Amino acid sequence: MSYSAGEALVLTRLREVSGFNTTPANTSRGNFGILNSGAAAFYGILAPGPYSSEWETPTVRRWYWSTIIRVYQRYVDDGTRMTDLETNVQNVIDYFLKYQYLGSPTTILDAHPSSADQMQEIWSKDGGLSWLRWDVRIEWEEEQTVVYAE
């Protein structure tokens with residue numbers, strides 16, 4: 001597998017979370033242009049997160065990947081939009097807790113929501129508050145057998 005294939009699994013699971021789907025198009029892998037499309041009040045956009053790896057045996061490498069789900073909530077007024085964002089993030093966390101292998105138990109060794117940064121406010125260039133964003137990190141592991149060339 002590769003990072004890209006694992007990220008595709010994360011997107012598949014995200015699109016199964018209530019309200020996150022393709023109609024209207026409010027989920028993507030790195031396509032931030034959908035934010036101002038007017039299609040939805042909230043969005044989930046994936047971005048690569050930090051990763052690391054280590055040798056388990058002389059020929060098996062374990063990879064620790066992470067995918068960031070950037071959950072955006074369109075800002076309209078104080079109060080309710082922040083609680084809407086909190087609800088959407090909790091729905092993502094709760095759903096991903098149910099999928100220890102992201103739907104691919106033969107490839108993924110473990111997957112789970114691990115952390116979230118603090119909520120951010122995104123301001124438009126004219127100075128108005130446009131979006132609230134809270135990032136959820138999904139961590140997942142896989143093993144790779146290395147065949148040496150030398």
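These are my notebook entries on one predicted model, taken feature by feature.

**Ground rules**

I'm working with a predicted model, where local features need pLDDT of at least 70, side-chain atom pairs count only at pLDDT 80 or more, and totals for chains, interfaces and linings use all residues. I number residues from 1 along each chain as its sequence is written, and the side-chain values use heavy atoms, with hydrogens and water left out.

**Entry: the overall layout**

I began with the secondary structure and got two helices and seven strands. Helices here are DSSP runs of H or I with at least four residues, strands are runs of E with at least two, and both are numbered from the N terminus. Reading from the N terminus, I noted the order α-β-β-β-β-α-β-β-β. The C-alpha trace spans about 60 × 30 × 25 Å along its principal axes.

Next I looked up burial. Of the 150 residues, 37% count as buried, where buried means under 20% relative accessible area, exposed means over 50%, and partly exposed is in between (1.4 Å probe, protein chains only). I also checked how far along the chain contacts reach, with contact meaning heavy atoms within 4.5 Å. Among contacts between residues at least 6 apart in sequence, 58% join residues at least 24 apart.

**Entry: the two helices**

How do α1 and α2 pack? I found helix α1 (residues 3–14) against helix α2 (residues 80–97) at an angle of about 115°, with axes 10 Å apart. The axes are lines fitted to C-alpha atoms, over the stretch in contact for helices, and angles run from 0 to 180 degrees between N-to-C directions.

Then I listed who touches whom. From α1 come V10, R13 and L14, and they meet V92, Y95 and F96 of α2. Sorted by class, this contact has five nonpolar residues, no polar ones and one charged. For the classes, Ala, Val, Leu, Ile, Met, Phe, Trp, Tyr, Cys and Pro are nonpolar, Asp, Glu, Lys and Arg are charged, and the others, Gly among them, are polar.

**Entry: the cores**

The largest nonpolar core has 25 residues, and V10, L14, I69, F96 and W140 have the most contacts inside it. Such a core is a set of buried Ala, Val, Leu, Ile, Met, Phe, Trp, Tyr and Cys residues joined through side-chain atoms within 4.5 Å. At least two of its residues come from each of α1, β2 (42–48), β4 (60–74), α2 and β7 (129–145).

Setting aside neighbours within four places in sequence, F96 contacts V10, R13, L14, I69, L102, P113 and I138. There is also a second, separate core of seven residues, with I34, A40, Y72 and W131 among them.

**Entry: salt bridges**

I counted these too: the structure holds nine salt bridges. The cut-off is a side-chain nitrogen of Lys or Arg within 4 Å of a carboxyl oxygen of Asp or Glu. Side chains of opposite charge can pair when their charged atoms come close.

- R81 and D84 are joined by one at 4.0 Å, N to O. Both sit in helix α2, three residues apart, about one turn of the helix.
- R133 pairs with D135, with the closest N and O atoms 2.9 Å apart. Both R133 and D135 are buried.
- Shared partners link E56, R62, E141 and E143 into one network of salt bridges.

**Entry: R62 up close**

R62 is in strand β4. Its salt bridge with E56 is 2.5 Å, N to O. Is R62 buried or exposed? R62 counts as buried because its relative accessibility is 17%, while E56, at 37%, is partly exposed.

Leaving out neighbours within four places in sequence, I have R62 in contact with S52, S53, E54, E56, L109, E141, E142 and E143. For scale, I looked up I34 as well: R62 and I34 are 28 residues apart along the chain, and their C-alpha atoms are separated by 34 Å.

**Entry: two loop residues**

S104 is in the loop between α2 and β5 (110–116). I have S104 down as buried, because its relative accessibility is 13%. Not counting residues up to four places away in sequence, S104 touches M1 and L9.

V76 is in the loop between β4 and α2. V76 is exposed, with a relative accessible area of 51%.
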